[in-house]
Amino acid sequence: MPRLKIDNNIFYTELNVSKEKIRYEDGYREGTFNQENLIKDIEREIEENPASNNVPKYQTNSNLYSKMRGRKHWDDLFRKVCHSLMRIYTKPYVLVKSWANIARSNSNYGFHTHIQDLTIVYYLKCNYPEYGTNIENKVIIPAINDSFLIFNGNISHALSNQPYEVAINPNNDRYSIVFDFNIDKNINPDNMYK
């Protein structure tokens, strides 16, 4: 998994995440999470259950995976997220919240931080990777379709808003799903591997 180092902060990226075969109860296979199903669910969620005015326009509530749990494509995506996490971190993590963002012509995402220990962004649909995740207004990490960005969410970051000329075309809407995790503090690390 490629690593990027920016000002002593480590960022991990992983490409083609839906194509990797991972272990299921019945053997190894690719996940069933595809753009169409996830996008339909996100759009329906934003329309039927809009988030409060305290969050950016076109962002779901922060309990998205909890609501979608039980749908095969969402469960497969979450299984892949956990699989990728375990490759990097030896500590067990617990999902705290998850949500989706859509960047459109009238979106205005700003810089922010997360209070959780770890953030994973799944770039679901991004026609223009150059409008990725802006890190501390120094570097933009590209938003590549079907990829993860894994990092400490306490680092100041923002979804890069597309210029109006690009964003005005609805086919260029950018979709991402975010998962925030905390270290499971209920597990004694001295006893984890005994």
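## Close-up views of a predicted model

**View 1. Strands β1 and β2 form a hairpin with two residues between them.** In the turn, Asp7 has a positive phi of about 50 degrees. The structure shown here and in the other views is a predicted model. Strand β1 covers residues 3-6 and strand β2 covers residues 9-14; the two run antiparallel and are joined by four bridges. Ile6 has Asn9 of β2 as its bridge partner.

**View 2. The largest nonpolar core has 33 residues.** The members that touch the most other members are Ile42, Trp74, Leu77, Tyr122, Ile177, Phe179 and Phe181. Helices α1 (35-48), α2 (64-68) and α3 (72-88) each supply at least two residues of this core, as do strands β5 (93-103), β6 (118-125), β9 (147-151) and β11 (174-183). Helix α3 gives the largest share, six residues. Apart from this core lies another one, of 13 residues, with Trp99, Val121, Ile135 and Val178 among them.

**View 3. Which residues does Ile177 touch, leaving out those up to four places away in sequence?** The contacts of Ile177 include Leu38, Ile42, Trp74 and Leu77. Ile177 also touches Trp99, Ala100, Ile120, Val121, Tyr122 and Leu124. Ile177 is itself one of the residues in the largest nonpolar core that touch the most other members.

**View 4. Helix α3 has 17 residues.** From its first C-alpha to its last, α3 reaches 25 Å, close to the 24 Å expected at 1.5 Å a residue. The buried residues of α3 include Trp74, Leu77, Phe78, Val81, Leu85 and Ile88. Residues with other kinds of side chain are buried in α3 too, including His73, Asp76, Lys80 and Ser84. Cys82 is partly exposed, with a relative accessible area of 26%.

**View 5. Lys80 and Glu20 meet in a salt bridge through their side chains, at 2.3 Å from N to O.** Lys80 lies in helix α3 and Glu20 in the loop between β2 and β3 (22-24), so the pair ties together parts that are 60 residues apart in sequence. Is Lys80 buried or exposed? With a relative accessible area of 1%, Lys80 is buried. Glu20 is partly exposed, at 21% relative accessibility. Lys80 and Glu20 are linked with Glu14 and Arg87 in a network of salt bridges. In the whole structure, a search finds 15 salt bridges.

**View 6. A salt bridge joins the side chains of Asp41 and Arg71, with 3.1 Å from N to O.** This pair links distant parts of the chain, since Asp41 is in helix α1 and Arg71 is in the loop between α2 and α3, 30 residues apart. Asp41 counts as buried because its relative accessibility is 6%. Arg71, at 34% relative accessibility, counts as partly exposed.

View 7. Asp76 is buried, with a relative accessible area of 4%. Lys72 counts as partly exposed, at 45% relative accessibility.

**View 8. Leu159 lies in strand β10, which covers residues 157-159.** At 9% relative accessibility, Leu159 is classed as buried. Leaving out residues up to four places away in sequence, Leu159 touches Asn101, Ala103, Tyr109, Gly132, Arg174 and Ser176. From C-alpha to C-alpha, Leu159 and Ile141 are 9.9 Å apart in space, and they are 18 residues apart in sequence.

**View 9. Ser107 sits in the loop between β5 and β6.** Although Ser107 is in a loop, this residue counts as buried at 11% relative accessibility. Apart from its neighbours within four places in sequence, Ser107 is in contact with Tyr58, Ile102 and Asn161. Ser107 and Leu85 are 22 residues apart in sequence, and their C-alpha atoms are 30 Å apart in space.

**View 10. How many disulfides does the structure hold?** The number is zero. Cys82 and Cys126 can be compared by their accessibility. Cys82 is partly exposed, at 26%, whereas Cys126 counts as buried, at 5% relative accessibility.

Terms used. Residues numbered from 1 in each chain as written. Predicted model: local features only at pLDDT ≥ 70, side-chain atom pairs only at ≥ 80, totals over all residues. Heavy atoms only, no water. Core = buried A, V, L, I, M, F, W, Y, C linked by side-chain atoms within 4.5 Å. Buried < 20%, exposed > 50% of the residue type's maximum accessible area, 1.4 Å probe, protein only. Contact = heavy atoms within 4.5 Å. Expected span 1.5 Å × (residues − 1). Pairing = 2+ DSSP bridges. Disulfide = S-S within 2.5 Å. Salt bridge = Lys/Arg side-chain N within 4 Å of Asp/Glu carboxyl O.
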